[in-house]
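Subject: Structure handover

Hello,

Please find the structure below. Notes on what was found in it follow.

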Amino acid sequence: MKLDFSNAHILIVDDNERLRTQLANAMQRRRLVADTAADVTSALELLAQDTFDFAIVDLKMPGASGLELIREMSKNWPEVAVVMMTGYGSIATAVDAVKLGAVNYVQKPADADDLLAALERGLDEPLGDATQDYAAPSLARAEWEHIHRVLADCAGNISEAARRLGIHRRTLQRKLNAYSPRE
């Protein structure tokens with residue numbers, strides 16, 4: 001089932017301002033109305049003021065976690081389809097997120113297309129077409145994901161991430177400024 005996301009209202013909750021802004025801009029380019037929040041408290045205020053169709057929620061944030069937000073949303077706004085997004089993924093966390101009401105779970109780094117696809121899969125029938133082959137990510141995509149995971153582990157510190165990756169800081173900055181690979 002292909003969902004039409006145009007004019008849908010999405011809430012993006014993440015403590016990383018750069019990621020929040022990038023995702024909001026990408027969603028707006030895809031004709032969604034995007035609002036952002038930096039923490040659970042701000043997200044709850046926005047949810048109380050407006051109607052949302054979808055939400056992307058980060059797991060680890062200062063204060064309350066994304067799991068606590070999903071719990072509140074499933075109680076008070078069950079119509080909002082939620083995707084949990086995190087760089088600290090584990091099977092246990094994914095199971096907890098789905099038990100609390102998330103429709104899907106995505107590992108960071110994820111771009112707007114990944115998140116919308118996760119929403120679509122989460123809202124689709126549980127058992128999809130079993131004949132679909134798994135498409136392995138390209139080497140460029142795997143590199144992009146690894147770089148962003150290391151950067152998240154370094155709390156966005158470019159110099160530290162470059163040191164851990166064994167590359168020059170400027171090389172890392174160039175790679176970060178490039179668009180994410182599609183595959």
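How do the residues of the lining of the largest pocket divide into nonpolar, polar and charged? They divide into 15 nonpolar, eight polar and 11 charged, where Ala, Val, Leu, Ile, Met, Phe, Trp, Tyr, Cys and Pro count as nonpolar, Asp, Glu, Lys and Arg as charged, and the others, Gly among them, as polar.

Before the rest, the basis. This is a predicted model, in which local features need pLDDT of at least 70 and side-chain atom pairs count only at pLDDT 80 or more, while totals for chains, interfaces and linings use all residues. Residues are numbered from 1 along each chain as its sequence is written, and side-chain values use heavy atoms, with hydrogens and water left out.

Pocket

The largest pocket holds about 980 Å³ of space. Of its 34 lining residues, Arg-18, Leu-19, Gln-22, Trp-144 and His-148 are the closest to its centre. Two or more lining residues come from each of α1 (17-29), α6 (139-153) and α8 (169-177). The most come from α1, which gives seven.

On terms: a pocket is an open set of points on a 1 Å grid over the protein atoms alone, where a 1.4 Å probe fits, with protein on both sides within 12 Å along at least five of seven lines; lining residues have an atom within 4 Å of a point. Grid points are joined across faces, edges and corners, and the volume is the space filled by probe spheres set on the points. Helices are DSSP runs (H or I, at least four residues), numbered from the N terminus.

Helix packing

α1 packs against helix α5 (residues 112-123) at about 70°, with the axes 9 Å apart; axes are lines fitted to C-alpha atoms over the stretch in contact, and angles run from 0 to 180 degrees between N-to-C directions. The two helices are therefore roughly perpendicular (65 to 115 degrees; under 35 is roughly parallel, over 145 roughly antiparallel, the rest oblique). Leu-23, Ala-26 and Met-27 of α1 make the contact (heavy atoms within 4.5 Å) with Ala-112, Leu-115 and Leu-116 of α5. By class, this contact has six nonpolar, no polar and no charged residues.

For helix α2 (residues 40-49) and helix α3 (residues 66-76), the axes come within 10 Å and cross at roughly 20°, which makes α2 roughly parallel to α3. Val-40, Ala-43, Leu-44 and Leu-47 of α2 meet Leu-69, Glu-72 and Met-73 of α3. Six of these residues are nonpolar, none polar and one charged.

α6 and helix α7 (residues 158-165) pack at about 125°, with axes 9 Å apart, and are therefore oblique to each other. His-146, Ile-147, Val-150, Leu-151 and Asp-153 of α6 touch Ile-158, Ala-161, Arg-164 and Leu-165 of α7. That contact divides into six nonpolar, one polar and two charged residues.

Regards
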